[in-house]
Amino acid sequence: MSMAAVEVKDLVKVFDRIKAVDGLSFYVDEGEIYGLVGPNGAGKTTTLRIIATLISPTSGEVKIFGIDASKKPEKIRELISYLPEEAGAYKNLTGMEYLRFMAKLCSRNPAETEEMVERGISISGLGERLNDKIKTYSKGMKRRLLIARALMTLPKLAILDEPTSGLDVIYSFQVRDTIKRFVREYGITVLLSSHNMLEVEYLCNRIGLLSRGRIVAEGPPDELKASYNASNLEEVFMRVSNND
Ligand code: ATP
């Protein structure tokens, strides 16, 4: 039996009185692109942050390649990269300095650092602008830098919170292409969240529709469309939401 890249069981996260995640279970196979989709406040970001070991769940279990996230978070951090929904920091570094700094943290030797930086340069598509300070970048340029950082290290699992949010049409297209290519060429596994139904339909092997902290429908995009008799995922989403 092959081991799942991600296994989430009965996950619950309560903030004060808000139940952000309410008994969530799903798995992601190795080499798969899995998308969490759902309305604002459904619990996507909270779920991804728990899986990335940034916050602890109230209860439930997360295993990454068979490793228990609550018992060995430091092991998990070696296997994953996490692209947060919003991120700032390192404003006074240039894009290039930032990529090199992050590559050094993840690599075992200078040659590997250089390989990662080269990959990062290419993914970012920022060209000469990599020599400018990050504080001079547009929102989309920062996003491109962060995506480059998340993929250049070839993590076993990339956790991408709304990877193309704030990106223009052309660069969104390139990012989706890069994600697909990295899965194909390097066998990485991707868990992402998105508001863009076309995007998940194009990218994901399977998607989970999240509502109020639970998965209300799950499967490959084509199967979901067929079982809800819908011509696109947006329709599936509207039908599931109406029944919920
Ligand atoms: P969006 O699509 O808007 O990004 P989301 O699906 O990512 O939404 P979450 O950010 O996970 O949703 O939020 C789920 C619920 O948990 C929301 O009601 C939110 O207000 C609440 N929540 C999230 N983080 C915190 C926190 N640190 N403290 C209190 N409540 C929180």
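Author: A charge is taken to sit over a ring if NZ of Lys or CZ of Arg is within 6 Å of the ring centre and within 35 degrees of the ring normal. The model is a predicted one. In this model, lysine 156 lies over the face of phenylalanine 65, and the distance to the ring centre is 4.6 Å. Arginine 144 is placed over the face of tyrosine 171, at 4.0 Å from the ring centre.

Next come rings that face other rings. A pair of aromatic rings is described by the distance of the centres and the angle of the planes. Two aromatic pairs are present in the structure. One of them joins phenylalanine 26 and tyrosine 34: the ring centres are 5.1 Å apart and the planes meet at 15°. Planes under 30 degrees apart count as stacked, so the pair of phenylalanine 26 and tyrosine 34 is stacked. Phenylalanine 26 and tyrosine 34 are both buried.

Phenylalanine 182 and tyrosine 186 also form an aromatic pair, with 5.0 Å from centre to centre and 65° between the planes, an edge-to-face arrangement. These residues, phenylalanine 182 and tyrosine 186, belong to helix H6 (residues 169–186); because they are four residues apart there, about one helical turn separates them. Phenylalanine 182 has a relative accessible area of 2% and is buried, whereas tyrosine 186, at 38%, is partly exposed.

The strand that carries phenylalanine 26 deserves a word. In S2, phenylalanine 26 stands opposite valine 8. Strand S1 (residues 4–15) pairs with S2 over nine bridges, in the antiparallel sense. Strands of a sheet pair through backbone hydrogen bonds, either parallel or antiparallel. The open sheet here has four strands in the order S2-S1-S4-S5, and its pairing is antiparallel. Strand S2 (18–29) and strand S5 (67–68) are at the edges; each has a single partner strand, so one side of each is left without a neighbour in the sheet.

Note on methods: Residues are numbered from 1 along each chain as its sequence is written. This is a predicted model: local features need pLDDT of at least 70, side-chain atom pairs count only at pLDDT 80 or more; totals for chains, interfaces and linings use all residues. Side-chain values use heavy atoms; hydrogens and water are left out. Rings of Phe, Tyr and Trp (its six-membered ring) pair if their centres lie within 6.5 Å; planes under 30 degrees apart count as stacked, over 60 as edge-to-face and the rest as tilted. Buried means under 20% relative accessible area, exposed over 50%, partly exposed in between (1.4 Å probe, protein chains only). Helices (H or I, at least four residues) and strands (E, at least two) are DSSP runs, numbered from the N terminus. Two strands pair if DSSP finds at least two bridges between them.
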